[in-house]
Amino acid sequence: MESQDIEKTVVAQAQSPDATLLGTTITCPICKTENAPNEKYCGECGFLLSSTPVEEAVVADTSSVPRLTDSSGREYLLHEGENSIGRESADVLLADPTVSRKHAVLTIEGAKCWIEDLGSSNGTYADGKRVESGERVEVTDGAEVKFGSAVLTLKVPILDETVEEAPIEEAPESPEEELPAEETAPEAVEAAEPAEPSEPEVPEIEAPEQPAPLAKLVSADASVEFPLVAGSNTIGRRGGNDIVLAGDAYVSGSHAELTADERGFWLMDLGSTNGTLLNGSRIQSNTRMALNSGDEITFGQTALRFEVSESKPEEADAPEPGGESDE
């Protein structure tokens, strides 16, 4: 019997277009729509038919939740932070062939919203104006946003924080007993005079000592430096990160994390949209990679050089270049 050549590509035999597909239709557990057996997502609600729906508790009134609404009245609830929009595995799942798999991102921060196109094939529009790839455009309540041919309306409820104050009832004045003039002692008059207030002693508050940086990220022209301390150092476009790269639209809101511990320095991508490169190679998301001084790290389109200072973490093992940790 001849052995099969392992280098040979196995060609699957194509199914005849006239063949009849065996099996019954698949009922969507969410909207109860009947779908063909070869469908991956529900054609009505976009639910992944191979997954199991999670039983959720009764949801309270969602009238104050931001949402996108299509022409049929279907609503897509939005959450605080980044909401991915696309044809597959997205927060707002649009089963429209003109919508890219990863089409756009709509970011909610309080009462403000921004739309960003992720390099889609058919473009993203806000109130009729095209949003360029990587551009972040603010949109307001009632804005019409278009992804490919899918047109939706943004609704951002404005909460009325004014609370009507109940009128305060004034307590009835109690009649004052008038004392005869001859019974008012001079000592009582002197006691009623307020004493001069003494200045309170303000305790001296010492500012907490800032931990010394163990390493730093340096720009190519060495004009910008970001110090790194022991423990976690988060990197992203949002203001809450330890290192904020707000000027790079290709950097995600929460992009990566750089950790310094007793064993050394570690880099981990947090599932960013455009990835993290270590010495020119893209690293896998949620996997810690060891760092050495002189390594080049690229977040989105921002390249920074990693440099270790003289005060390294104690008992730090020298990690192998670009190698994965045992965790």
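## Salt bridges, strands and spaces in the model

The structure is a predicted model, in which local features need pLDDT of at least 70 and side-chain atom pairs count only at pLDDT 80 or more, whereas totals for chains, interfaces and linings use all residues. Residues are numbered from 1 along each chain as its sequence is written, and side-chain values use heavy atoms, leaving out hydrogens and water.

Glu307 has a charged partner. Lys216 forms a salt bridge with Glu307, with their closest N and O atoms 4.0 Å apart. This pair links distant parts of the chain, since Lys216 belongs to strand E14 (residues 215-219) and Glu307 to strand E24 (residues 302-308), 91 residues apart. Strands (E, at least two residues) are DSSP runs, numbered from the N terminus.

Side chains of opposite charge can pair when their charged atoms come close; here a salt bridge is a side-chain nitrogen of Lys or Arg within 4 Å of a carboxyl oxygen of Asp or Glu. By this rule the structure holds 9 salt bridges. One of them joins Arg136 to Glu109, where the closest N and O atoms are 3.6 Å apart. Arg136 sits in strand E11 (residues 136-139) and Glu109 in strand E7 (residues 104-109), so this pair ties together parts that are 27 residues apart in sequence. Arg136 is partly exposed at 34% relative accessibility, and Glu109 is partly exposed with a relative accessible area of 34%.

A further salt bridge runs between Lys155 and Asp141, whose closest N and O atoms are 3.8 Å apart. Because Lys155 is in strand E13 (residues 150-155) and Asp141 in the loop between E11 and strand E12 (144-147), the pair ties together parts that are 14 residues apart in sequence. Lys155 is partly exposed, at 41% relative accessibility, as is Asp141, with a relative accessible area of 38%.

The strands around these residues can be followed through their pairings. Strands of a sheet pair through backbone hydrogen bonds, either parallel or antiparallel, and two strands are taken to pair if DSSP finds at least two bridges between them. E7, the strand of Glu109, takes part in an open sheet of 5 strands in the order E6-E5-E7-E8-E11, with mixed pairing. Strand E6 (92-93) and E11 are the edge strands, each pairing on one side only. Inside this sheet, E7 and strand E8 (residues 112-117) pair in the antiparallel sense over 6 bridges, and Leu106 stands opposite Ile115 in E8.

E12 pairs with strand E9 (residues 124-126) in the antiparallel sense over 3 bridges, with Val145 as the bridge partner of Ala126. E12 also pairs with E13 in the antiparallel sense, over 4 bridges, and Leu152 in E13 is the bridge partner of Val145. Between E12 and E13, which form a hairpin, there are 2 residues, and Gly148 in the turn has a positive phi of about 65°.

On a 1 Å grid over the protein atoms alone, a cavity is a set of points where a 1.4 Å probe fits but cannot get out, and a pocket is an open set with protein on both sides within 12 Å along at least five of seven lines; lining residues have an atom within 4 Å of a point. The count comes to 1 cavity of 30 Å³ or more. The largest cavity holds about 70 Å³ of space, and its lining includes Glu82, Val105, Arg237 and Tyr250.

The second largest pocket has a volume of about 320 Å³. Among the 22 residues that line this pocket, Glu82, Ser84, Val105, Gly271 and Thr273 are the closest to its centre. Strand E5 (81-86) and E7 are the elements that give two or more residues to the lining, and E5 supplies the largest share, 4 residues.

Key:
Points joined across faces, edges and corners; volume = space filled by probe spheres on them. Buried < 20%, exposed > 50% of the residue type's maximum accessible area, 1.4 Å probe, protein only.
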